[in-house]
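Okay, everyone, let's get started.

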Amino acid sequence: MFSSSGSLARRLRGGIARLRRSLRVQLVSWVVLTLAGAICVNLYLSFRSATAAAQLVADRTLLASARVIAEAVHVDHSGSVEVEIPPAALEMFDTGFGDQVFYRVTTPWGNLLSGYPDLPTPLVALKGEDLTFRDHGIRALMLDHPVVGLGGDGTIAVTVGVTHGSQYAIRRQLWLSGFANQLALVLLAGLVTIIGLQRGLSPILRLRDAVRQRGRDRLDPFPTSMVQTELQPLVHALNDHMESVQNQMAAQRRFVANAAHQLRTPLALIATQAAVAAREVDIRQRDEALQALQKSTRQVTRLAGQLLALSRAEPGNLRPRLDNTDLASLTRSVLENIAEEALKRGIDLGFDNGGPVNVTGDATMLGELVVNLVDNALRYTPPGGSVTVAVKSLQNTAILMVEDTGPGIPEGERAQVFERFYRVMGTQTEGSGLGLAIVREVVDSAGGTIELSDGKAGGLLVRVALPLGQ
């Protein structure tokens, strides 16, 4: 029982979470909230409009009643002022809502001619005012009216008041009528809006269905005409991503094929050399075979190391690191480790240190960059030559330069040497053709640039520019 309840609660929470993430639900919710706000505003505005209209009707009726009463006032032969209240002046308020009518007629000198002596008088003539009389809320209006026979500017004051029954009934009727019309318009607008949202979201749903129906091997682009103009950048981004994935898959297939080809030959050679060493009886020939076996093993080991380094340098294989590395100190450490190899080959290895140069990136891969550049220079520099490495900072850029006195690279092949397993024709130097490919991947991931040019002594000058770190 408890398990079932817990499962139901989890399903409800999951359903609510999906609704919160739904674009359709969010858009409809905003439309409903907007329409609800519009209805509230319409309620308030309709109430004010109905109140003003009902007050206007009440004031016009009060003014008409006051005029009828005022016209009934006359001066008799003896000079006294008399008034007889016409029934029509009071019957015009008989609208079936049980309103009570109050009136008062006074002379210019303040004598009461007729009506309620304690009836309050509005402050401004000819303007309706809400007052309280004998625990009743009333709407009252006062009229100053001249009477023939009073002489001069003699006028009488007629005040008429009526309770709010008829006024409130008119206000309620006007408000309900206006509100019903506005509510119908708002609901119609909401319905049209929701239908519009459904039609507006249909291209996104078609795009979703098109993505779902595709197989995992289909990476051809989607037509941008299937969605609205505002959504076309999304389709462009999706197409760009699929093109990038397609290129990476093609590069990966080429990489695997090339790696298998490159490893097949040295591994077969190692197997052959091992078999020859095992069969040889002559110690001298066996030692030669074992030395050749060791050399081939070192070549395969280096090739495997370069393949792993290239795999690590490719974008997306590892989470990018943001080490704060002194490029000058890192280069010095690499040169110290490789100095013995340079001495064996009779090559002068120099270092021009321009002081600390901080860069931000993966310190291990930056080390691979320096190792491959220097190793590549040493391999192609003949004995007695020189390799010079320089590190310096220029404005906001860290500069690493490696210059050798080797044969260099023809200008027409400088763009191709960064391809994997590519080697310049006519060179007899051992190598796998992965060094500069690794360098290019590391430089690209660090946001830098690399240039190849002729050295001062006719060899190759490699110039790497990286952004300075903190």
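So, Thr325: if we skip the neighbours within four places in sequence, it is in contact with Leu330, Val357, Asn358, Val359, Gly361, Ala363 and Leu366, where contact means heavy atoms within 4.5 Å. Before I go on, the housekeeping. This is a predicted model, so local features need pLDDT of at least 70 and side-chain atom pairs count only at pLDDT 80 or more, while totals for chains, interfaces and linings use all residues. Residues are numbered from 1 along each chain as its sequence is written, and side-chain values use heavy atoms, with hydrogens and water left out.

Back to Thr325, which lies in strand β8, residues 323-326. Helices (H or I, at least four residues) and strands (E, at least two) are DSSP runs, numbered from the N terminus. Is Thr325 buried or exposed? It's buried, at a relative accessible area of 10%; buried is under 20%, exposed over 50%, partly exposed in between, with a 1.4 Å probe and protein chains only.

Now the helix pair. The axes of α7 (residues 327-344) and α8 (residues 363-380) come within 10 Å and cross at roughly 35°. Axes here are lines fitted to C-alpha atoms, for helices over the stretch in contact, and angles run from 0 to 180 degrees between N-to-C directions. On the α7 side you have Leu330, Thr331, Val334, Leu335, Ile338 and Ala342, and they meet α8 residues including Ala363, Leu366 and Val370. By type, the residues of this contact are 11 nonpolar, two polar and one charged. Nonpolar is Ala, Val, Leu, Ile, Met, Phe, Trp, Tyr, Cys and Pro, charged is Asp, Glu, Lys and Arg, and the others, Gly among them, are polar.

Next, the sheet. It's open, five strands, mixed pairing, in the order β9-β11-β12-β14-β13; two strands pair if DSSP finds at least two bridges between them. On average, neighbouring strands are turned by 15° against each other, direction ignored.

And the helices come back in here. α7 packs on the sheet, touching β9, β11 (386-394) and β12, and its direction makes about 170° with that of β9. α8 lies across β9, β11, β12 and β14, running at about 25° to β12.
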